[in-house]
Amino acid sequence: MDYKVLDKTYGFFYNYFLSRLPEGLAIPIGRGLLKLPIEYLPVFEIDYSGLETDLGGCMLPNPVILAACYHQPWIIRKASKMGFGAVTLKVTRDPKRGNPKPNIVRKGKGFVNCIGFRNPGMEKTREFLKDCDRRKPLILNIAGDSIDEYCEVIEGLQDYADMIELNISCPNIENGLYFSENPEQARDLFGESVNLSRKPLVLKLSREDGYKEIISNAIDSGIGIVNYGNTSPVKEDRLSVGSGGLSGPELYEDTIRNVKKIREEFGKDLQIIATGGIDSGEKAYMVMESGADAVSYVSGFITRGPFLAREINSRLSGR
Ligand SMILES: Cc1cc2nc3c(=O)[nH]c(=O)nc-3n(C[C@H](O)[C@H](O)[C@H](O)COP(=O)(O)O)c2cc1C
């Protein structure tokens, strides 16, 4: 069956049913659907030739990445068989419960979340990674409150990952933006991470002003890849903590504008992963034309469903 038929079916289901349910009900139903063995559909057996992408020496079969959001091993395992060139798993040194519900609400065609790093921590994550039959490169998205926390996770888990993403840009936990707002401390974090890491490092940027100094510090320290970028901080009374990070199509114009700017300012030596509002093959194509080396998304995985990576790869390859 053509993937476009399946894609349209999901679109119909999402727009007329899932998106009209309260979030607390829609999330478990969406997760339940994802548990179906859809990853074995022949539409995911794609010829990626011509799309192979080298990110800092790590070869991806294609430049489409599932961005940081998930800590659940089963989602990562599944997504790695659904047309992505790489998948991202988030982790912190210690287990984190995250913020209480409601911690994600819809806003326009996107979301505002204050999930706040809910994950089982490094030790449990290592158990999963040890047994993980990884089909695609795995990016470990690390956050922490101190340089030591980042370093312990890099040391403890780097053997089980293909790339390490330093998340210094989470708007919805205390201290989540500390390194973004303190370029000197960020420079120390980058230096220590580069010394420790045997895997390519990615810097996940915040969408706030001031990325120029942070990127310069990253490049000086030896980090050659940036991900622009994280969610955008907004007030949101419906969330348990009163604010969160905006994701989805509202970010797209900002993403494309800043990818262009970063490319102009830092030249070809820096690699850019474009993230924020990418939910169609055309948007992915446009952002690649604007200077990105790869694209990643989360909201589109929910609103457009599991066939979006397939659509983006088709658009990028012209097949
Ligand atoms: C529910 C949720 C959880 C997220 N968790 C993380 C995270 O742990 N680390 C991170 O770097 N970004 C996280 N993000 C941000 C996404 O990786 C991405 O940068 C952002 O959502 C913009 O992309 P999008 O518009 O395609 O969703 C999260 C986003 C969402 C919606």
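Predicted model: local features only at pLDDT ≥ 70, side-chain atom pairs only at ≥ 80, totals over all residues.

Biologist: Which residue is the bridge partner of Arg106 in β6?

Modeller: Phe111 is the partner of Arg106 there. Residue numbers start from 1 along each chain as its sequence is written.

Biologist: What makes β5 and β6 a pair?

Modeller: Two strands pair if DSSP finds at least two bridges between them. Here four bridges join β5 to β6 (residues 110-113), and the two run antiparallel; therefore they count as paired. The strands themselves are DSSP runs of E with at least two residues, helices are runs of H or I with at least four, and both are numbered from the N terminus.

Biologist: Why are β5 and β11 called edge strands?

Modeller: They belong to an open sheet of four strands, ordered β5-β6-β12-β11 with antiparallel pairing. β5 (104-107) and β11 (232-235) each pair on one side only. Neighbouring strands in this sheet are turned by 35 degrees against each other on average, direction ignored; the axes are lines fitted to C-alpha atoms, and angles run from 0 to 180 degrees between N-to-C directions.

Biologist: And the other sheet, is it open or closed?

Modeller: Closed: a barrel of eight strands running β3-β4-β7-β8-β9-β10-β13-β14, with parallel pairing. The twist averages 25 degrees from one strand to the next. One of its pairs is β4 (residues 86-91) with β7 (residues 138-142), parallel over five bridges, with Leu89 partnered by Leu140 in β7.

Biologist: How do you know that β13 is largely enclosed?

Modeller: A residue is buried if 20 or more other C-beta atoms, placed from the backbone, lie within 10 Å of its own; 12 or fewer makes it exposed, and in between it is partly exposed. Four of the five residues of β13 (residues 271-275) are buried, so the rest of the structure largely encloses this strand. Four bridges join β13 to β10 (residues 225-228) in parallel, with Val226 opposite Ile272.

Biologist: What makes the β-α-β unit of β13, α10 and β14 right-handed?

Modeller: With the strands pointing away from you, the path from the first strand over the helix to the second must run clockwise. The unit formed by β13, α10 (residues 281-289) and β14 is right-handed, so that path is clockwise here.

Biologist: How do you know that the buried residues of α7 line one face?

Modeller: Ala186, Leu189, Phe190 and Ser193 are buried. Down the axis of α7, the buried residues fall within an arc of 100 degrees, so they line one face; the arc is taken over directions from the helix axis to the C-beta atoms. On the other side, Glu184 and Asn195 are exposed. The cover over the buried residues includes α5 (147-157), β9 (201-205) and α8 (211-221).

Technical notes
Contact = placed C-beta atoms within 7 Å.
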